[in-house]
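Reader: I've got a structure open and I'd like to talk through how its inside is put together. Shall we take it piece by piece?

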Amino acid sequence: MTAQPAPVDSAAVDRFRELLRIATVSYADESEIDWQPFDEFVAALPRLYPRTHEVLEREIVDGHSLLYRWKGADAADPLVLMAHYDVVPVVADEWTHPPFAAEIIGEGTAAEIHARGAIDDKGALVAILEAVEQLAAAGFTPARDVYLSFGHNEETAGGGARAIVALLRERGIRPGLVLDEGGAVVDGVVPGVTVPTAMVGVAERGVMTVMLTARGGGGHASTPPAVPATARLARAITRLHRHPFPTRIAPPVRAMFATLAPHTPQPLRTVFGNLAVTGPLLARVFPRLGPEMNALVRTTAVATELSGAPGENVLATTARASINIRLLTGDTVASAQRHVRRAVADAAVEVEVRHGSDPSPVSPWRGEPWRRLAGAVASALGEEIVTTPYIQLGASDSRWFTAISDHVYRFAPFHLTRGERDALHAHNERIRVDVWLQGIGFYRDLVAAS
């Protein structure tokens with residue numbers, strides 16, 4: 001049975017738009033952050049969600065992160081619903097509609113809210129609050145304790161989530177289920193799949209930054225040496241690009257294909273259902289099918305920041321490149337550094353790990369917590385949707401919770417098009433109104449089943 005469109009709750013949409021208009025922009029250099037919008041956001045929540053703030057306990061952690069506790073009939077194995085309210089910076093001129101106006105564009109089922117944070121990640125945060133407000137107003141008491149963990153700096157340091165985890169660990173709290181942002185309900189991501197799929201991240205890739213540094217003698221650009229520092233650096237970047245990390249099918253990806261095999265036509269059904277034989281071939285083919293499929297089967301590396309001489313007519317004494325690396329399950333910071341050194345193959349280029357974290361542990365895609373997630377997908381979003389494990393491609397605050405829970409999942413309950421997914425961290429971020437309203441039902445059903 002297909003879930004029916006959620007009735008338009010104009011008051012909920014108005015609350016969502018009000019919070020989207022608060023420009024809680026985070027920067028890696030926290031001295032650049034304007035904290036006034038963060039304070040405004042935190043102060044607005046009790047007014048917008050009064051019953052939630054009467055029933056739940058709220059703490060402010062690490063300055064601006066929020067931890068709520070909803071006492072249930074049993075304090076053991078609590079549910080943790082995560083989100084963050086900081087957003088990445090914008091280039092306003094690139095947007096068709098102002099990024100913090102939260103305008104509604106279109107009508108009916110085509111109506112969209114355009115705003116930074118509409119999906120990443122105020123969409124989930126506000127949907128969680130709407131669900132909790134509805135249940136609390138109805139006098140509902142959860143079977144287990146429910147925690148809401150709302151970070152303020154997920155897009156940069158993630159210090160808020162780490163502080164919340166430290167606090168819960170100190171109190172001896174070990175969640176039975178943690179849910180953060182991550183995958184979504186999508187169509188056509190996996191070739192040949194004929195049904196919409198709820199992509200639930202059971203693990204996420206590690207993240208690290210490697211700095212490549214080449215040095216030279218400097219001087220005037222009119223008399224360059226045979227191999228200036230910039231050319232040595234460029235050669236190193238090109239070599240790394242030409243020698244990517246090897247492909248392979250990690251266990252969560254293997255499980256994804258096995259789950260989706262019955263929903264593909266032949267011969268793909270046989271291919272996906274016999275990965276012991278076909279896995280190596282698929283691992284070689286999938287990188288050609290686009291960046292998302294490539295990232296599912298290998299560790300990725302890309303040069304992001306470059307620096308060289310201070311002037312256009314000056315030879316660089318030092319040329320540097322930041323390499324952003326996302327580690328596939330099974331790889332490590334140490335193994336990735338070794339690969340970079342081999343690929344660069346130049347002892348004169350320094351390879352320094354600036355920071356890094358290994359891939360997260362893998363949460364099980366069987367058992368009671370997984371069934372609760374899949375059940376909420378079916379009841380709120382549609383019984384035709386297939387819930388499948390996969391590897392979360394980006395990093396999230398949920399990685400810190402793996403220290404205190406064995407069941408950490410990454411999924412936002414929104415049916416997103418490719419264009420909507422591509423707008424994350426880019427211009428014209430948006431979400432359809434009816435899609436967002438259905439997401440409220442998912443969180444309501446998940447809490448009710450907990």
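Reader: Which residues touch the most other members of the largest nonpolar core?
Author: This is a predicted model, so keep that in mind throughout. The largest nonpolar core has 95 residues. Those touching the most other members are Leu148, Trp436 and Phe442.

Reader: And which element gives the most to this core?
Author: We're still on the core of 95 residues. With 10 residues, the top contributor is α4.

Reader: What is Leu148 in contact with, leaving aside its neighbours within four places in sequence?
Author: Contact here means heavy atoms within 4.5 Å. By that cut-off, Leu148 meets Leu56, Leu66, Leu67, Tyr68, Leu81, Ile128, Leu129 and Val132.

Reader: How many residues are in the second, separate core?
Author: Met208, Leu233, Ala321 and Val340 are among its members. The count for that second core is 21 residues.

Reader: Why is β11 largely enclosed by the rest of the structure?
Author: Strand β9 pairs with β11 in the antiparallel sense over 10 bridges, and β10 runs antiparallel to β11 with 6 bridges. As for burial, β11 is largely enclosed because its buried residues number 7 of the 10.

Reader: Which residue in β11 is the bridge partner of Val210?
Author: Over on β10's side, Val302 stands opposite Asn324. For Val210, the partner is Ile323.

Technical notes
Residues are numbered from 1 along each chain as its sequence is written. This is a predicted model: local features need pLDDT of at least 70, side-chain atom pairs count only at pLDDT 80 or more; totals for chains, interfaces and linings use all residues. Side-chain values use heavy atoms; hydrogens and water are left out. A nonpolar core is a set of buried Ala, Val, Leu, Ile, Met, Phe, Trp, Tyr and Cys residues joined through side-chain atoms within 4.5 Å. Buried means under 20% relative accessible area, exposed over 50%, partly exposed in between (1.4 Å probe, protein chains only). Helices (H or I, at least four residues) and strands (E, at least two) are DSSP runs, numbered from the N terminus. Two strands pair if DSSP finds at least two bridges between them.
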